[in-house]
Amino acid sequence: MTDPGSSRPGKIIAVHLNYRSRADQRGRTPATPSYFFKPSSSIASSGGTLERPAGAELLAFEGEIALILGRTVRRVSPEDGWAAVGGVTAANDFGIYDLRTADKGSNVRSKGGDGFTPLGPLMIPAESVDPGALRVRTWLNGTLVQDDTTTGLLFPFGQLVADLSQLMTLEEGDVILTGTPAGSSVAQPGDVVEVEVDSPTAAGIPTTGRLVTTITEGTVPFGNFGNKPSVDDTQREEAWGTRELAGLETPAVFELTDELKTRITSVGTATLSSQLRKRGLNNVSIDGLQSTRPDVRLVGRARTLRYIPNREDLFASHGGGYNAQKRAFDALGPDDVLVMEARGERGTGTVGDILALRAQVRGAAGIVTDGGVRDYDAVAALDMPTYSAGAHPAVLGRRHVPWDADITIACGGTAVQPGDIIVGDADGVLVIPPALVEEIVTDAIAQEQEETFIAEQVAAGEGVDGLYPMNAEWKSRYATWKETRS
């Protein structure tokens, strides 16, 4: 086949998310592949034009590697999946983000338009290349904007063929679009988008050549008998790739500065707790936990991970491989505290020495779990504190399935959201809403200064009546005392 875009396959199946770079950009990593269909009428050849529909704003390109089935298969194994592929070619999975809301996830209109799946210009025979050593690149008006290899795939090509063939017969000529790497963005009328797939390490560096598509402006408006294009800032951000590229303001992010950490560390959790209570926040302590390092203060931003009760079929699909637990630990950064919801279940470990060490190497401030800890002595030997419900030798799968991360969770009887400030010492662990941190710490420092004065007076023999809390006379004496300390 010299021009894959010149004939129509029986079906086109596209993978939603399959490159680690794209998953990192989107902030979510699937445990298993998911798919959508594109109509065969969306196929186009290299060198053609693609119309951005009138009234649409966000026509996004996605350079991809397309698999072209070389034979009909049903229920093949992942090991045999690649053998069913006849060749690979370049593809561009165009989509109109303005129509995603109307599609409700189906992508029928947003990605099913005429010409929205250009293929070609050449096909590389599958037997001539290593599927793990292919490269896909995309250029926008001559500038390289996507550049990745199949070493970055979440789901190898053989797995995709096997997974799909469990349910349906894959026929000779069918096309599987295998996902796009990071760098996908928006194309405007007049732009030229080019995609090339090659195998840089293979003999002769086989290539598909560049798949070229020129974008034009549509002139025929959508009718009133269906959904019309509609966008919001969420769609703009996803289409362009970042808020900055979309021209959107970046929301202010709470910054846990070194100066603020020092101020937080200067006061105890007991004082912080009393300040939270004065503001009506009584349910902000993570209860029932003990620290591996009670001598080390914990101060950081919450990252969250949720475990659900173990169910064998769900553990089989979500518990192995690069699961949500491992992804959460790999995503940690300086000053992060991984807070894990284990439903207070103490009958297994929710973290062991390897992942705890990974957290410390990543610069995390600590770990908090209302479940158990394996390899307790090794975890306790780390510089970083880990708060848990105690030690337990059993592995995670005895009671838990790692499910999802960076969501609102419950841990030790309180709600924790990503970005909350986590503070811990020998008295326990507190959750402080970021918006209240500055005023709570300021008042806590003032409170501890008052309590230092009161303690000095009690040590000197004064009674607590009128002193604790201070009446007007003692407040006057305290003011004088403060002046001598300034």
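Here is a short chat about strands and aromatic rings in this predicted model.

Modeller: Ground rules: it's a predicted model, so local features need pLDDT of at least 70 and side-chain atom pairs pLDDT 80 or more, while totals for chains, interfaces and linings use all residues. Residues are numbered from 1 along each chain as its sequence is written, and side-chain values use heavy atoms, with hydrogens and water left out.

Colleague: What stands opposite Val195 in β16?

Modeller: β15 (residues 192-198) and β16 (residues 211-217) are antiparallel, with 4 bridges. Opposite Val195 you'll find Leu211.

Colleague: How many residues of β6 are buried?

Modeller: Buried means under 20% relative accessible area, exposed over 50%, and partly exposed in between, with a 1.4 Å probe and protein chains only. In a regular strand the side chains alternate between the two faces of the sheet. In β6, Gly63, Ile65, Leu67 and Leu69 are covered on one side, and Glu64, Ala66 and Ile68 on the other. For strand β6 (residues 63-69), the buried count is 7 of 7.

Colleague: Which residue in β13 is the bridge partner of Ile68?

Modeller: β6 runs antiparallel to β7 (residues 85-92), joined by 7 bridges. It also pairs with β13 (residues 175-177), again antiparallel, over 3 bridges. Ile68's partner in β13 is Val175.

Colleague: What kind of aromatic pair do Phe453 and Trp474 form?

Modeller: Rings of Phe, Tyr and Trp (its six-membered ring) pair if their centres lie within 6.5 Å; planes under 30 degrees apart are stacked, over 60 edge-to-face, the rest tilted. Phe453 is in helix α12 (residues 437-459) and Trp474 in helix α13 (residues 472-485), so the pair ties together parts 21 residues apart in sequence. Both residues are buried. With centres 6.0 Å apart and planes at 65°, the pair is edge-to-face.

Colleague: Which residue lies over the face of Trp474?

Modeller: A charge counts as over a ring if NZ of Lys or CZ of Arg is within 6 Å of the ring centre and within 35 degrees of the ring normal. At 3.8 Å from the ring centre of Trp474, that residue is Arg477.

Conventions. Pairing = 2+ DSSP bridges. Helix = DSSP H or I, 4+ residues; strand = E, 2+ residues; numbered from the N terminus.
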